[in-house]
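My notes follow in the order in which I went through the chain.

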Amino acid sequence: MSFDDPGDQRFRPDDGCPLFSERLEEHLVAVLKGQAPNRGQFCGHCYTPVSRDASVCANCGEDARTGRKPVDAVPREIAYVLQAQRKTESRWVNGFAYLGLLIATVGGIALVLAVPLFKERLLYATIAYAFILLVGGRVLAGILGGYFGDRIGFNRARRATVAVWEQWLIERDQAPASGDSREQAREA
Ligand SMILES: [Zn+2]
């Protein structure tokens, strides 16, 4: 384990769903933007990019010798799950950031109106309000969006991702080409 590897610091939800490792997310973002082809070698279970000579997936521990064989493209459905997850996350981050701006806008007016000095001095009031909008708006948008929006958005999006993953596993294990019928028999 190396400390300069950002993969080590990444938050990993403990929900049994191996989607999405940082490497898989990077790959899919590039594919979705059209910057990279969806080709390579990926873990047969969690679709994290794996090197050709590695037999055990660093993300989920799937052993290619005894378990699922690596695949050469990430299934389209998995890419769509990531897209949906990121959309949900950014909607919440942006929504909370706007809420922060709104609070600064309304709160700023209330604050300026509450100070008696500003009643006679319109210029001071305007400067104070501009300052509250610029600084307060930015800080509040950052805190609300970057912290609360990010957390709520992540949890919401993650729940949807986990649900799709569980459904995906059921469908994948029922597919005739999946090779391993033992799990299927146990589930049934
Ligand atoms: Zn894996």
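I began with the burial rule: a residue is buried if 20 or more other C-beta atoms lie within 10 Å of its own, exposed if 12 or fewer, and partly exposed in between, with C-beta atoms placed from the backbone. I am working with a predicted model, in which local features need pLDDT of at least 70 and side-chain atom pairs count only at pLDDT 80 or more, while totals for chains, interfaces and linings use all residues. I number residues from 1 along each chain as its sequence is written.

**Entry 1, overview.** I took helices (H or I, at least four residues) and strands (E, at least two) as DSSP runs, numbered from the N terminus. On that basis I find six helices and zero strands in the chain. Of the 188 residues in the chain, 20% are buried. For contacts I required C-beta atoms, placed from the backbone, to lie within 7 Å; among contacts between residues at least 6 apart in sequence, 63% join residues at least 24 apart.

Is Leu-144 buried or exposed? I count Leu-144 as buried because it has 21 C-beta neighbours inside 10 Å. Leaving aside neighbours within four places in sequence, Leu-144 is in contact with Phe-96, Ala-97, Leu-99, Gly-100 and Gly-149. Its C-alpha is separated by 9.8 Å from that of Trp-92, 52 residues apart along the chain. Gly-146, also found in α5, counts as partly exposed because it has 14 C-beta neighbours inside 10 Å; Gly-146 and Val-93 are 6.2 Å apart, C-alpha to C-alpha, and 53 residues apart in sequence.

I used nonpolar core for a set of buried Ala, Val, Leu, Ile, Met, Phe, Trp, Tyr and Cys residues joined through C-beta atoms within 7 Å. The largest such core has 14 residues, and those with the most contacts inside it are Cys-43, Tyr-47 and Ile-78. The elements giving two or more residues to this core are α2 (22–32) and α3 (76–114), and its largest share, three residues, comes from α3. This core draws at least three residues from each of domain 1 (13–73) and domain 2 (76–176), with bounds that come from an automatic or database domain assignment. Apart from it lies another core, of eight residues, among them Trp-92, Val-93, Phe-96 and Ala-141.

Which residues of α2 are buried? I find Leu-24, His-27 and Leu-28. Seen down the axis of α2, its buried residues fall within an arc of 95 degrees, so they line one face of the helix; the arc is that of the directions from the helix axis to the C-beta atoms. What covers the buried residues of α2 includes α3. Just after α2, I noted that Gly-34 takes a positive phi of about 80 degrees.

Notes. Contact = placed C-beta atoms within 7 Å.
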